[in-house]
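Please open the model in your viewer and keep the selection tool at hand. The stops below each begin with something to select.

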Amino acid sequence: MEGTDVPMAVPTAVPALATEPRFAQRLRQCLEQERLLDGRYGLQRVPGGRVAVPVLPDKLSQLCLPAEVPCELLGIQDPVPSRAARRRSPAQRLREELRRLLGAGWSGELERDVPHAWQRHGDLVLLSEDSFTAEPWERLGKANRTVPGPARPGPCCPHLPGFRVAGSALWETVAKALGARRVARRGRVMPDGMRSPRVTLLLGQHGWVEHVDNGIRYTFDVTKCMFSPGNITEKLRVASLPCSGEVVVDLYAGIGYFTLPFLVHAGAAFVHACEWNSHAVEALHRSLVLNGVRDRCHIHSGDSRQLHPLPSALVPAASPPLHSVPSCIPSPPLCPQLQLRDVADRVNLGLIPSSEEGWPVACRVLKKATGGVLHIHHNVETRPVPAMPQSAVLLAEQGSPEAASPGGEAQHPAQHSGEETLGARLRPEWQSWAEGTATRIQGLLAELHGRPWRSSVLHIEPVKSYAPHVHHLVLDLECRPVLPV
């Protein structure tokens, strides 16, 4: 492009060339032909009746325009995204911004390391553990820079007056491209019995976020607590259960995945929420307050699993929870055992891969006079088999005449999707596990109370595929004492 050089100044924001409206389109076309136009932003009016045309920041030294197009270089503080930019997917925007950041250093290897999906929690984006792992990304991600501004307290701030840590150019670019303020990356779940996450905060001052599911507000620290979006179908199902007036015990409450749906939507009168992770307990408390149901929930902090049931004489039914016997579970050490008894109309055992160690506790907290319903989570392995005709596939049990006694609940066809779940189809291994579990629970209740009980399989719900040929299931099991004739 021949002509006069444009007077150069240092722009304070997005660089643009301002010209009279009658020259705007011609200027845009010239910049586009020379590949100098910044397509992320559109033309926009600026003071003085002129129109600003955005220019690529790294091409400023190449600007040379026709003399008959008068223009001035300035910076736009609030640029307007172009139509093309508004049509781009977040993943496309992320790649384009990173390509600009790296310039000649961009490569196919680095592009393959850029994620296509992520979790969003408010203004925080949570990246997968396999993203940005190549050495150039790691080096760029660790290169924090300082900018003028008030220093914030904390070990990450440099001891320089009037400066603060702004984060690396990499993570700031990721946040800007995805419309976030904070960025974190998750690692593998720690084998500590509490499914604690390994999450690194890459940009931002703290990891507390708020997530809304089905009108329920969950708040938690992503660096301390897990959030399982794969359980959404079960949370929706719990929200639809007929729990009006019931007392529920949630043995593995976590941050309130099921405690909150029981209270907010299912109409439970009261929930005893049991949790041994202190970080999850804090998150649950905050979420109960956020949703206005704190007065209908008691949080029992500690290990709820009971290996050696105490004699009933040692635990008065009307007494508040006691904390006297240390747990022999190795993780976490020395947590007190739950001492609830004879309180629950319904018990939720939401622990995988197995909640079996909690079955004796569930039997003890169930009301001994009327019984109730247990929701038992478990990972069940399914042998790979050839495809069978539709008529040969068993269907999930929708209840039975035995389940229609007082206190029973109507069941509806399961609506879910996921690898190998195939609608509401029931695998033989699932049925076998459910029947075996029902027999075990029935025996535990009879031994605990010294009289016969019956157990009825109400429903088997496939939640998700947990691993190849392994499914996360929930068994709804109705347990009632057999009344004397």
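Begin with helix α7, residues 232–239, whose buried residues are Glu234, Lys235, Arg237, Val238 and Ala239; buried here means under 20% relative accessible area, exposed means over 50% and partly exposed lies in between, with a 1.4 Å probe and protein chains only. Helices (H or I, at least four residues) and strands (E, at least two) are DSSP runs numbered from the N terminus. This is a predicted model, in which local features need pLDDT of at least 70 and side-chain atom pairs count only at pLDDT 80 or more, while totals for chains, interfaces and linings use all residues. Residues are numbered from 1 along each chain as its sequence is written, and side-chain values use heavy atoms, with hydrogens and water left out.

From Lys235, follow the side chain to Tyr218: the charged end of Lys235 sits over the Tyr218 ring, 5.0 Å from its centre (the criterion is NZ of Lys or CZ of Arg within 6 Å of the ring centre and within 35 degrees of the ring normal). Another such arrangement can be found by selecting Arg286, which lies over the face of Trp208 at 3.7 Å from the ring centre.

Next, select Phe220, Ile255, Phe262 and Leu288, the residues with the most contacts inside the largest nonpolar core, which has 35 residues. Such a core is a set of buried Ala, Val, Leu, Ile, Met, Phe, Trp, Tyr and Cys residues joined through side-chain atoms within 4.5 Å. At least two residues of this core come from each of β8 (124–127), β13 (208–213), β14 (216–221), α8 (259–264), β16 (270–275), α9 (278–290) and β17 (297–301), and α9 gives the most, with five residues. Apart from this core lies another, of 33 residues, among them Tyr252, Cys363, Ile376 and Cys479.

Staying with Phe262, display its contacts (heavy atoms within 4.5 Å): leaving aside neighbours within four places in sequence, they include Val238, Leu241, Cys243, Arg346, Asn348 and His375.

Now move to Arg294, in the loop between α9 and β17. Arg294 is partly exposed, with a relative accessible area of 29%, and, not counting residues up to four places away in sequence, touches His285, Leu288, Val289 and Ile299. The side chain of Arg294 also reaches the backbone oxygen of Cys297 at 2.8 Å.

For the aromatic stop, select Trp106, Phe132, Trp137 and Trp171, which form one cluster. Rings of Phe, Tyr and Trp (its six-membered ring) pair if their centres lie within 6.5 Å, and planes under 30 degrees apart count as stacked, over 60 as edge-to-face and the rest as tilted. A search of the whole structure finds six aromatic pairs. One of them is Trp106 with Trp137, edge-to-face at 6.3 Å centre to centre and 70° between the planes; this pair links distant parts of the chain, with Trp106 in the loop between α3 (90–102) and α4 (108–112) and Trp137 in helix α5 (residues 135–142), 31 residues apart. Trp106 is buried at 16% relative accessible area, and Trp137 is buried at 1%. Phe132 and Trp137 also form an edge-to-face pair, at 5.1 Å centre to centre and 90° between the planes.

Finally, select the whole protein chain, which has 11 helices and 23 strands, and in which buried residues make up 47% of the 485 residues.

Technical notes
Polar contact = N/O pair within 3.5 Å; in protein donor to acceptor, adjacent residues only side chain to side chain.
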